[in-house]
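Biologist: I would like to learn how to read salt bridges in a model. Please take me through them one pair at a time.

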Amino acid sequence: CPTQGWHLVSYISYAEPLEADFAYALLSRGSPHSTVGYSEFAGFALAAVLERAGRLQHRPLRHIAAIRVAKMLLTRGAAASGTYKVGNLGTVRRPLLLIPASHGDIAAVELLLCARADAAACDSQGEPA
């Protein structure tokens, strides 16, 4: 199996080149953790790819590849209105929309807003994002 040895989130974070088809094959295997459901796992992957896309804006082809993976995840059930944990303790959760916004990644912000992300969302402490 060509996907053997890869975990979707680590693939998104470290692999070169990033390919949506390969990411889809990894997503179809589901979460490697029995306590994490499909939609939550897809949300983890979406947070990872949004972070990568933000860091790769200066590399247009790599940025486009990351956006393709984000589109695939959104069409396969990742919630644009989801949240991600902040820091090692994970006590604060912020809207996914904050990841590309903090990088100034207009393409990813637009993608999430078109997928119905909440532009007025607050973090788990009630602070506006």
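Predicted model: local features only at pLDDT ≥ 70, side-chain atom pairs only at ≥ 80, totals over all residues.

Biologist: Which residue forms a salt bridge with Arg-94?

Modeller: Asp-123 does, with the closest N and O atoms 4.0 Å apart. This pair links distant parts of the chain: Arg-94 is in strand β2 (residues 92-95) and Asp-123 in the segment after α6 (106-114), 29 residues apart. Asp-123 is buried, at 13% relative accessible area.

Biologist: How many salt bridges does the rule give?

Modeller: The count is four. One of them joins Glu-16 to Arg-52, with 2.2 Å between the closest N and O atoms. Here too, distant parts of the chain are linked: Glu-16 sits in the loop between α1 (8-14) and α2 (20-28), Arg-52 in helix α3 (residues 38-55), and 36 residues separate them.

Biologist: Is Arg-52 buried or exposed?

Modeller: Arg-52 is buried, because its relative accessibility of 4% is under the 20% cut-off. Glu-16, at 43%, counts as partly exposed.

Biologist: Which residues are joined into one network by shared partners?

Modeller: Glu-16, Arg-52 and Arg-62.

Biologist: Where do Arg-55 and Glu-51 lie?

Modeller: Both are in helix α3, four residues apart, which is about one turn of the helix. Arg-55 is partly exposed at 43% relative accessibility, and Glu-51 is partly exposed at 28%.

Note on methods. Residues numbered from 1 in each chain as written. Heavy atoms only, no water. Salt bridge = Lys/Arg side-chain N within 4 Å of Asp/Glu carboxyl O. Helix = DSSP H or I, 4+ residues; strand = E, 2+ residues; numbered from the N terminus. Buried < 20%, exposed > 50% of the residue type's maximum accessible area, 1.4 Å probe, protein only.
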